[in-house]
Amino acid sequence: MPTDLSAYLEAVPSVVIDRLRGARKVLSVSHENPDADTLGASLAIVAIVESMGGSADAVCTDPVPKIYDFLAGVERVRTDPDLEASYDLLVISDCGTLDRIGEVRERHPALFERLPRVMIDHHASNDAAGEADWIDPAAAATCEMVALLATRMGVPLEVNGGAMAAALMAGIVMDTATFAHPNATPRTLSVSAALVEAGAPLSDISRRLYRSKPEAQLRLFGRILDRLESTEHGRVVWSTLLDADLAATGTAGPHSEGIIDLLAQAEEAEVAILFKEAGAATRVSVRTKPGGVDATVLTGRFGGGGHARAAGATVALPVDQARTAVLAEAARLAAAVLR
């Protein structure tokens with residue numbers, strides 16, 4: 001028998017459904033530096049709208065990394081809206097704050113301000129309170145939420161020959177590390193089962209995202225792991241990604257995806273941190289162990305956010321200064337953990 005998701009569908013707000021059903025031309029927006037969850041959700045919104053007879057454009061301020069070329073329809077993702085289009089609804093997927101939309105919002109401020117909005121997100125640090133802002137920190141991924149949205153709206157998950165199901169599964173696989181993270185719940189597994197039934201190739205998606213890397217990326221990982229450091233008792237571990245590492249290995253920023261999860265495997269570490277050089281600023285990725293430091297508390301000190309076990313921030317300091325400041329706070333929080 002097919003997986004029954006009916007027990008979970010009341011979680012979808014009626015106002016979100018009403019706005020999507022009433023829209024004819026949707027602007028479906030991902031966050032900057034896109035990953036599988038924001039892309040999968042945005043592409044699924046496009047599929048949902050088109051299944052109901054409307055049209056939609058998927059937009060992301062940054063080009064889509066090649067690692068996501070396997071997602072059907074990803075070539076439709078634009079870096080700017082169509083200036084000739086008569087958009088009547090903005091749908092923002094997987095953005096913990098509006099700032100995460102990136103420069104495309106700054107390039108088209110009047111459009112982003114004018115359009116009625118739906119926000120769909122699972123970051124615990126998201127404090128958006130708009131009428132149609134659907135924030136569910138219990139969801140493992142925004143794609144989990146959009147799968148429920150499609151089902152509640154009567155759009156089959158197997159639409160487009162299973163392409164929508166595959167896109168949604170990619171987001172769940174990315175944000176759960178193929179169900180290895182503690183954010184995977186019975187609802188996550190039920191939604192994933194329904195997506196597999198709808199045609200999502202789970203094994204292939206997991207392989208592409210977590211078990212297949214070009215040699216240049218492995219060399220990049222090697223440089224970062226060789227730079228691993230830790231506090232005296234190993235409660236905080238960290239490493240640093242420099243622009244010079246990318247140049248030396250012929251890689252780009254997206255190739256660093258996954259390295260933070262390797263750092264987080266340090267047995268004694270309560271906090272794992274990856275510092276990424278970003279011009280005059282520093283991007284910080286944080287992972288923490290269950291029952292210990294809340295990653296959103298650490299990153300929140302520096303204007304960031306995310307989830308209790310995985311969060312990030314952009315610190316307006318060069319990497320050496322940012323590292324000193326963040327490590328001091330991380331060490332303080334880690335020292336307070338009693339096990």
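In the predicted model, Val26 stands opposite Leu89 in strand 3. Strand 1 (residues 25–29) and strand 3 are paired in the parallel sense over 4 bridges; two strands count as paired if DSSP finds at least two bridges between them. Helices (H or I, at least four residues) and strands (E, at least two) are DSSP runs, numbered from the N terminus. Residues are numbered from 1 along each chain as its sequence is written. Local features need pLDDT of at least 70 and side-chain atom pairs count only at pLDDT 80 or more, while totals for chains, interfaces and linings use all residues, and side-chain values use heavy atoms, with hydrogens and water left out.

The open sheet consists of 5 strands in the order 2-1-3-4-5, with parallel pairing. Strand 2 (55–59) and strand 5 stand at the edges, each with a single partner strand, so one side of each lacks a neighbour in the sheet. From one strand to the next the twist averages 15°. Helix 5 (residues 142–152) packs on this sheet and touches strand 3, strand 4 and strand 5; its direction makes about 125° with that of strand 4. Contact here means heavy atoms within 4.5 Å. Axes are lines fitted to C-alpha atoms, for helices over the stretch in contact, and angles run from 0 to 180 degrees between N-to-C directions.

Strand 4 (residues 117–121) has 4 of its 5 residues buried, so it is largely enclosed by the rest of the structure. Buried means under 20% relative accessible area, exposed over 50%, and partly exposed in between (1.4 Å probe, protein chains only). Strand 4 pairs in the parallel sense with strand 3 (residues 89–93) over 4 bridges, and Met119 is the bridge partner of Ile92. Strand 4 also runs parallel to strand 5 (residues 133–135), to which 3 bridges join it; there, Asp133 is the bridge partner of Met119.

The largest nonpolar core has 61 residues, and those with the most contacts inside it include Ile45, Ile120 and Leu149. Such a core is a set of buried Ala, Val, Leu, Ile, Met, Phe, Trp, Tyr and Cys residues joined through side-chain atoms within 4.5 Å. Not counting residues up to four places away in sequence, Ile45 touches Val26, Ser28, Val91, Ser93, Ile120, Val146 and Leu149. A second, separate core of 20 residues includes Val286, Leu298, Leu327 and Ala334.

Helix 2 (residues 36–51) and helix 6 pack with their axes 8 Å apart, at an angle of about 155°. That makes helix 2 roughly antiparallel to helix 6. Angles under 35 degrees count as roughly parallel, over 145 as roughly antiparallel, 65 to 115 as roughly perpendicular and the rest as oblique. Among the residues in contact are Gly40, Ala44 and Ile48 of helix 2 and Met164, Ala167 and Gly171 of helix 6. The axes of helix 6 (residues 163–176) and helix 8 (residues 202–210) come within 10 Å and cross at roughly 50°. Helix 6 is therefore oblique to helix 8. Residues of helix 6 including Ala166, Met169 and Val173 meet residues of helix 8 including Leu202, Ile205 and Leu209.

Asn33 lies in the loop between strand 1 and helix 2. Its phi is near 45°, a positive value in a residue other than glycine, and Asn33 is partly exposed, with a relative accessible area of 36%.
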